[in-house]
Amino acid sequence: MLTVTKDPRTTPSLAAFQIAGSIDDLCDFGPIHHCPEPEILLNFDKVTSINSYGVRKLMQLVAALKGKKLTYEDCRPHMITQINMIPTLSGGVTITTFYLPLECDSCDQEIERSEEHTSELQSH
């Protein structure tokens, strides 16, 4: 189940949202669709998975927000994989932070490390 909650960083010009759970056929981005603010920030830190139906829903959301400044932050590797494969998800979007999967050589445990990025993505 997906939850979308307004982030305390919301201002008159920026609507910030925390997205948590699974992005799938049952997800509802309703609160984001109806934002009057010209800038939208989506925090994906708590997204646990995304499937093909969820990709379609996210593509519809991005299309509905066309003309607004869209920023993604705290994208986990499974989100970055989808963003890299689907040009519609990345065109004109700014990603500020994302997680890199790393493997420890000594214990073979996989961890994720946060990285910052500030350039706008261009779709192909």
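Let's start with helix α3, residues 77-85. In this predicted model, helix α3 lies across β2, β3, β4 and β5. Its direction is about 115° to β3.

Is Q82 buried or exposed? Its relative accessibility is 15%, so Q82 counts as buried, the cut-off being under 20%. Its contacts beyond its sequence neighbourhood are I50, V55 and L89, with residues up to four places away left out. Then there is N51. Q82 and N51 are 31 residues apart in sequence. In space, their C-alpha atoms are 9.1 Å apart.

Now the other helix on these strands. Helix α2 covers residues 52-64. Helix α2 lies across β2, β3 and β4. Against β3 it runs at about 180°. For reference, β3 is residues 39-50 and β4 is residues 69-73.

On to the sheet itself. How many strands form it, and in what order? Five strands, in the order β1-β2-β3-β4-β5. The sheet is open, and the pairing is mixed. β1, residues 3-6, and β5, residues 94-95, stand at the edges. Each has a single partner strand, so one side of each is left without a neighbour in the sheet.

As a reminder, strands of a sheet pair through backbone hydrogen bonds, either parallel or antiparallel. We have examples of each here. β1 and β2 run antiparallel, joined by four bridges. β2 and β3 run parallel, joined by nine bridges.

Let's stay on β2, residues 14-23. This strand is mostly covered, with seven of its ten residues buried. T3 stands opposite A20. T5 stands opposite Q18. On the β3 side, L14 stands opposite E39.

Leaving out residues up to four places away in sequence, Q18 touches T3, V4, T5, D7, R9 and N43. Look also at L41. Q18 and L41 are 23 residues apart along the chain. Their C-alpha atoms are separated by 8.6 Å.

Next, two aspartates in loops. D24 is found in the loop between β2 and α1, with α1 at residues 30-33. D24 is buried, with a relative accessible area of 13%. What does D24 touch, not counting residues up to four places away in sequence? N51, Y53, G54 and K57. Take Y53 from that list. D24 and Y53 are 29 residues apart in sequence. C-alpha to C-alpha, they are 5.2 Å apart.

Phi of D74 is near 50°, a positive value in a residue other than glycine.

Now the largest pocket. How much space lies in it? About 220 Å³. Its lining runs through V62, A63, L65, K66, G67, K68 and L70, and on to P87, T88, G91, G92 and V93. α2 supplies at least two residues of that lining. So does α4, residues 87-90.

For contrast, go to S106. S106 lies in the loop between β6, residues 97-103, and β7. At 71% relative accessibility, S106 counts as exposed. Pair S106 with T81 and you get 25 residues of sequence separation. Their C-alpha atoms are 26 Å apart.

Last, confidence. The mean pLDDT of the protein is 88. Of its residues, 91% reach 70 or more. Which elements have the lowest and the highest mean pLDDT? Strand β7, residues 110-116, has the lowest, at 70. β2 has the highest, at 97. Where pLDDT is low, the predicted coordinates should not be read in detail.

To recap. Helices α2 and α3 each lie across β2, β3 and β4. β2 is mostly covered, and its mean pLDDT is the highest among the elements. D24 is buried in its loop, and S106 is exposed in its own.

Conventions:
Residues numbered from 1 in each chain as written. Predicted model: local features only at pLDDT ≥ 70, side-chain atom pairs only at ≥ 80, totals over all residues. Heavy atoms only, no water. Pairing = 2+ DSSP bridges. Contact = heavy atoms within 4.5 Å. Axes fitted to C-alpha atoms, helices over the stretch in contact; angles between N-to-C directions. pLDDT = per-residue confidence, 0-100. Buried < 20%, exposed > 50% of the residue type's maximum accessible area, 1.4 Å probe, protein only. 1 Å grid on protein atoms, 1.4 Å probe; cavity = no way out; pocket = protein on both sides within 12 Å on 5 of 7 lines; lining within 4 Å. Points joined across faces, edges and corners; volume = space filled by probe spheres on them.
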